[in-house]
Amino acid sequence: MKIFSYTSAQYEHLPCNFCGEDNADTIATRDRNGYSVRTLLCRNCGLLYIDPRMTPQWYQLYYEQEYRHEMARFKGLNRAQTYTSEILFNHAKKRTKPFFENLRPYVNNGLTIEVGSSTGGVLAGFRDVFGSEVLGIEPSPEEAQYAESQGVRTIQSMFESLGEGVVPKAENIISLRALNHMLDFHSFLVWANKHLAFDGRLILEVMHFPNVVEHYGYLPRGIQIDHVFMFTPETLRQFLEALGFTVMTEGVDRKAEHMYIVAKKTAEVSAEGARNKKYTGYSAVRAWLNQTPSSYLTFLFKYDIKKKIKVLSYKIRRTLKHLLVLFGLYREGKRG
Ligand SMILES: [Zn+2]
């Protein structure tokens, strides 16, 4: 088995995933963990994306071996947390019920598909709120099986590999906190257009890149290697409108670090989708970047130092304990 490491991973350069142009500004060279990650801004459509990025095989290894550990380090935790399917299911169901309740006026009746449906918690939450028929699409066999055990019908597959006609037309398609992680979000939006009935609803939730950057006052804080793409409300709206959708409503979550958007399908798109056209998205993102302060020192003293102290104090306590054990002053599991 291959072992994941950032240095041995293979990287690739690709043109802008949305418009297909290969002409971009470099806006950052580090991510929030300090890794060397280059972020580009497409000069045509305004898409923010990581380049070069890991190949699909290495992203797969990354998610299998490294992702949870990196998240734990980022949160200043001692070790990676493991979540059972049951915990993931219950957490997703609990989180999304009020989320969907809030979107009631914009949701259609009928078949509802989630792409990247994991253990089925989101769809279970959706079904509890609306009573609709739900269908998940999930590549992980364990997660798909768990969803089935909870009565959430799930096709174990990547959406890209599903043959013609396998999935019936849906009234709603959901993708929550997944678009940032996709390796080809343009294909997903084209797929969603194709698999929605006319007037069908696309419900998306993504990281609100400008809010995260502004909140922490440091551009790389909004960048993470698992987010291949980053969006602003303006660019996401533009991308949807270019692919046959009309935006109905949008908003942010409690911490304003994620934004949601509901759009309805108002036109069919070709497989070429949004490629080889001119867009206006660049200038707004460029203007926002130009007037947004980014300072590592501000970030360090306001936020990052707390985490660093937490990690350091854990290391000191652990070392002290090792020394006490070494000198026979402390025995593991017994006190006094
Ligand atoms: Zn572009």
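Visitor: Is Lys-97 buried, exposed or partly exposed?

Guide: This is a predicted model. Buried means under 20% relative accessible area, and exposed means over 50%. Lys-97 has 32% relative accessibility, so Lys-97 counts as partly exposed.

Visitor: Which side chain meets Lys-97 in a salt bridge?

Guide: That of Asp-128, at 3.2 Å from N to O. Lys-97 lies in helix H2 and Asp-128 in helix H3, so this pair ties together parts that are 31 residues apart in sequence. Asp-128 also forms a salt bridge with Lys-93, at 3.6 Å from N to O. Lys-93 is in helix H2 as well, so that pair links parts 35 residues apart in sequence.

Visitor: How many residues of helix H3 are buried?

Guide: Eight of the 10 residues in 121–130, so helix H3 is largely enclosed by the rest of the structure. Among them are Leu-123, Phe-126, Val-129 and Phe-130. The buried residues of H3 pack against helix H2 and strands S6, S7, S9 and S10. After H3 comes Gly-131, with a positive phi near 70 degrees.

Visitor: Now the metal. Which atoms coordinate the zinc ion?

Guide: The SG atoms of Cys-16, Cys-19, Cys-42 and Cys-45, at 2.3 Å. For geometry, compare angles with the ideal. Four tetrahedral donors have ideal angles of 109.5 degrees. Here the angles among the four donor atoms run from 101 to 119 degrees, and the site is tetrahedral. The donor spacing in sequence is C-x2-C-x22-C-x2-C. Cys-19 sits in the loop between strands S1 and S2, and Cys-42 in strand S3, so the pair ties together parts 23 residues apart in sequence. Cys-19 and Cys-42 are both buried.

Visitor: Which residue pairs with Asp-25 in a salt bridge?

Guide: Arg-43, at 2.4 Å from N to O. Asp-25 is in strand S2 and Arg-43 in the loop between S3 and S4, so they join parts 18 residues apart in sequence. Asp-25 is buried, at 8% relative accessibility. Arg-43 is partly exposed, at 42%.

Visitor: What does Trp-288 touch?

Guide: Set aside residues up to four places away in sequence. Trp-288 then touches Phe-209, Pro-210, Val-213 and Glu-214. The side chains of Trp-288 and Glu-214 make a polar contact of 2.5 Å. Trp-288 belongs to helix H8. With a relative accessible area of 11%, Trp-288 is buried.

Conventions:
Residues are numbered from 1 along each chain as its sequence is written. This is a predicted model: local features need pLDDT of at least 70, side-chain atom pairs count only at pLDDT 80 or more; totals for chains, interfaces and linings use all residues. Side-chain values use heavy atoms; hydrogens and water are left out. Buried means under 20% relative accessible area, exposed over 50%, partly exposed in between (1.4 Å probe, protein chains only). Helices (H or I, at least four residues) and strands (E, at least two) are DSSP runs, numbered from the N terminus. Contact means heavy atoms within 4.5 Å. A polar contact is a pair of N or O atoms within 3.5 Å; within protein, one must be able to donate a hydrogen and the other to accept it, and residues adjacent in sequence count only if both atoms are side-chain atoms. Donors are N, O and S atoms within 2.8 Å of the metal (3.2 Å for Na, K and Ca); water is not among the atoms, so sites may look incomplete. Four donors count as tetrahedral if all angles lie between 85 and 135 degrees; four count as square planar and six as octahedral if opposite donors are over 155 degrees apart and all others between 65 and 115; anything else is irregular. A salt bridge is a side-chain nitrogen of Lys or Arg within 4 Å of a carboxyl oxygen of Asp or Glu.
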